[in-house]
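Hi everyone, thanks for coming. I'd like to walk you through one chain today, so please have a look at the screen first.

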Amino acid sequence: MRAAGVFLRGLAMGAADIVPGVSGGTVAFITGIYPRLLHSLRSFDLPALRLLLRGEVALFWQHVNGGFLSLLMAGILLSVISLARLLGWVLVHYPEPLWALFFGLILASALMLLRQVPQWRPAELLMLVLGVVVAIAIGLAPRGEFIEGQAGVFLAGFIAICAMILPGISGSFILLLLGMYGPVLAAVRNFELAFLALFATGAACGLLCFSRLLDWLLTRYRAMTVALLTGFLFGSLTVVWPWKRVLSWTMGRHGELRPLQQLPVLPQEYLARTGEDPMLWPCLSLALLGFLVVWLLDRHGTRLQVDAG
């Protein structure tokens with residue numbers, strides 16, 4: 001695979017993971033690099049550590065597929081840094097259209113994953129329903145501040161990065177559920193290096209641990225695992241529904257009011273309760289755009305996978 005192709009895939013993965021929409025794992029999956037990515041992540045093992053301790057850097061780099069991972073990470077980081085400020089501004093000034101875009105992205109991703117289950121037996125259907133129920137329960141629960149302090153930042157990185165390599169769940173969506181999406185986005189925008197370093201350390205630990213578990217699950221229980229992920233995506237649509245009724249508020253870390261618990265409502269009720277324009281047509285247009293983006297990625301996935309070979 002050419003270096004430019006790997007870098008461009010990294011850009012797409014970073015763009016996907018910074019929003020609670022398509023996951024970076026989904027982009028890797030449909031562009032043909034997912035098996036290579038998992039294999040490269042699993043290569044950080046004891047033999048790799050022994051090579052590094054012996055000073056055999058070149059062999060270590062080859063063992064972990066360092067060229068591939070470094071190009072991919074460069075694309076991801078560039079995309080995250082360049083989009084963080086823009087998304088932060090849009091979330092403040094135009095939240096409903098942005099959530100509508102996320103809704104379209106997630107809906108299309110869930111439908112795409114449905115086709116990855118070759119046969120829907122009772123076990124797969126149970127996993128699908130379980131995923132929906134769990135995601136709805138988490139999405140409608142009151143937002144917490146997760147765990148405050150350095151431990152919270154580390155654990156948020158550890159948990160969210162696991163979603164990045166899942167074909168179907170966005171790391172940003174997990175941060176949203178944990179109440180850490182805003183703080184992490186602000187840290188990226190303001191280059192809070194201590195915060196980001198701790199978050200990255202947790203992410204690295206989570207990535208090394210979870211890649212092995214995911215590989216094991218997808219090897220032995222692929223259909224059930226994908227069904228669970230698909231259910232989780234369908235249930236998560238309640239979180240990114242553009243129009244919400246705020247049930248309770250909390251104070252943010254900078255003294256601002258933040259929604260603590262929200263309930264999805266229809267646009268008419270949103271207008272009646274808030275007096276704000278629900279921006280129905282822009283929201284519908286952006287939801288359709290998000291849906292079409294994933295559909296086009298999936299449609300051209302076969303060609304991209306051939307190019308990646």
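Predicted model: local features only at pLDDT ≥ 70, side-chain atom pairs only at ≥ 80, totals over all residues.

Residues are numbered from 1 along each chain as its sequence is written, and side-chain values use heavy atoms, with hydrogens and water left out.

So, the overview. The chain has 16 helices and two strands; these are DSSP runs numbered from the N terminus, with helices being H or I of at least four residues and strands E of at least two. Of the 309 residues in the chain, 45% are buried. Here buried means under 20% relative accessible area, exposed means over 50%, and partly exposed is in between, with a 1.4 Å probe and protein chains only. Among contacts with a separation of 6 or more, 75% are between residues 24 or more positions apart, where contact means heavy atoms within 4.5 Å.

Now the helix pairs. Two packed helices are described by the angle between their axes and the distance between the axes. The axes are lines fitted to C-alpha atoms, for helices over the stretch in contact, and the angles run from 0 to 180 degrees between N-to-C directions.

How do H3 and H12 cross? The axes of H3 (residues 34-42) and H12 (residues 193-220) come within 9 Å and cross at roughly 130 degrees. That makes H3 oblique to H12, since under 35 degrees counts as roughly parallel, over 145 as roughly antiparallel, 65 to 115 as roughly perpendicular and the rest as oblique. The crossing is left-handed: the near helix is turned anticlockwise from the far one by less than a right angle, and clockwise would be right-handed. On the H3 side, Tyr34, Leu38, Leu41 and Arg42 take part, and their partners in H12 include Leu207, Leu208 and Asp215. The residues of this contact divide into seven nonpolar, one polar and three charged. For those classes, Ala, Val, Leu, Ile, Met, Phe, Trp, Tyr, Cys and Pro count as nonpolar, Asp, Glu, Lys and Arg as charged, and the others, Gly among them, as polar.

At 7% relative accessibility, Ser43 counts as buried. Not counting residues up to four places away in sequence, Ser43 touches Ala48, His63 and Val64. Its C-alpha atom is 9.2 Å from that of Leu208, 165 residues apart along the chain.

On to the second pair. H8 (residues 122-140) and H13 (residues 222-236) have axes that come within 6 Å and cross at roughly 35 degrees, and this crossing is right-handed. The residues of the contact divide into 15 nonpolar, five polar and one charged. Among them are Met127 and Gly131 in H8, and Ala227 and Gly231 in H13.

Finally, two loop residues with positive phi. Phe191, between H11 (181-190) and H12, has phi near 55 degrees. Met279, between H14 (267-274) and H15 (280-299), has phi near 50 degrees and is partly exposed, with a relative accessible area of 22%.
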